[in-house]
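Colleague: I am new to this structure. Please walk me through how to read it.

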Amino acid sequence: MGFTYQMRQFQEERLWAAGAGLMKMERAIRMTIEYTAERQAFGKSILDNQVVHFRLAELETKVELLRSLVYRAVEEYINGAEVTQLASMAKLTAGRLLREVSDGCLQYWGGMGFMTESEISRMYRDGRLTSIGGGADEVMLSIICKGMGTLPGQKRNH
């Protein structure tokens, strides 16, 4: 039964990773808003550039979409449903979005964002683990494809 228990535990781990990623992304966006509001270039704050505040709005929107998926998966898990598909989708999305958010935010910090002592730099580096630990992105994609019935060799219902 050890293998079975481990497979069940993976769903909790994947849901936790997606939820924890939400908090990291929120922090990265919040820190970047604060930093770019204070940082001046060409006589105005970095945040006053449309490309910056629009990009941060896009990232915030994607984080909210992920939050909806995580909340749905957790609610179904609590109610005893099988959530392998949703947990895999949430973890895949969290890992990829964490990279997108940390990279996008780091861009607006300029050289300061790449300094080792910078929290945004550590988020950029450490966030990569979300797409590896608890099942790499490719494993998540295989699970999702299996659930969709699109893996090669699977019997398909048309």
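Colleague: How many salt bridges does a search of the whole structure find?

Modeller: Two points on the source come before the count. This is a predicted model, where local features need pLDDT of at least 70, side-chain atom pairs count only at pLDDT 80 or more, and totals for chains, interfaces and linings use all residues. Residues are numbered from 1 along each chain as its sequence is written, and side-chain values use heavy atoms, with hydrogens and water left out. A salt bridge is a side-chain nitrogen of Lys or Arg within 4 Å of a carboxyl oxygen of Asp or Glu. The search of the whole structure finds 10.

Colleague: Which residue meets Arg67 in a salt bridge?

Modeller: Glu26 does, at 2.1 Å from N to O. Arg67 sits in helix H2 and Glu26 in helix H1, so the pair links distant parts of the chain, 41 residues apart. Helices here are DSSP runs (H or I, at least four residues; strands are E, at least two), numbered from the N terminus.

Colleague: Where do Arg96 and Asp137 lie?

Modeller: The side chains of Arg96 and Asp137 meet in a salt bridge of 3.2 Å, N to O. Arg96 lies in helix H3 and Asp137 in helix H5, so the pair ties together parts 41 residues apart in sequence. Arg96 counts as partly exposed, at 40%. Asp137 is buried, at 5%.

Colleague: Which residues do salt bridges that share partners join into one network?

Modeller: Arg55, Glu58, Lys62 and Glu100. Within it, the closest N and O atoms of Glu58 and Arg55 are 3.2 Å apart. Why about one helical turn between them? Because they are three residues apart in helix H2. Glu58 is partly exposed, at 43%.

Colleague: How do I read a pocket?

Modeller: Rolling a probe the size of a water molecule over the atoms shows where empty space is left. On a 1 Å grid over the protein atoms alone, a pocket is an open set of points where a 1.4 Å probe fits, with protein on both sides within 12 Å along at least five of seven lines; lining residues have an atom within 4 Å of a point. A volume is the space filled by probe spheres set on the points, which are joined across faces, edges and corners. Here the largest pocket has a volume of about 230 Å³.

Colleague: Which residues lie nearest the centre of the largest pocket?

Modeller: Met7, Arg8, Phe10, Gln11 and Thr84, out of 13 lining residues. Helix H1 (2–38) and helix H5 (137–148) are the elements that give two or more residues to the lining. The largest share, six residues, comes from H1.

Colleague: What does Ile33 touch, not counting residues up to four places away in sequence?

Modeller: Contact means heavy atoms within 4.5 Å. By that rule, Ile33 touches Leu47 and Leu56. Ile33 is found in helix H1 and counts as partly exposed, at 36%.

Colleague: Where does Ser118 lie?

Modeller: In the loop between helix H3 (84–109) and helix H4 (119–126). Ser118 counts as buried, at 9%. With residues up to four places away in sequence left out, Ser118 touches Met112 and Gly113.

Definitions and conventions:
Buried < 20%, exposed > 50% of the residue type's maximum accessible area, 1.4 Å probe, protein only.
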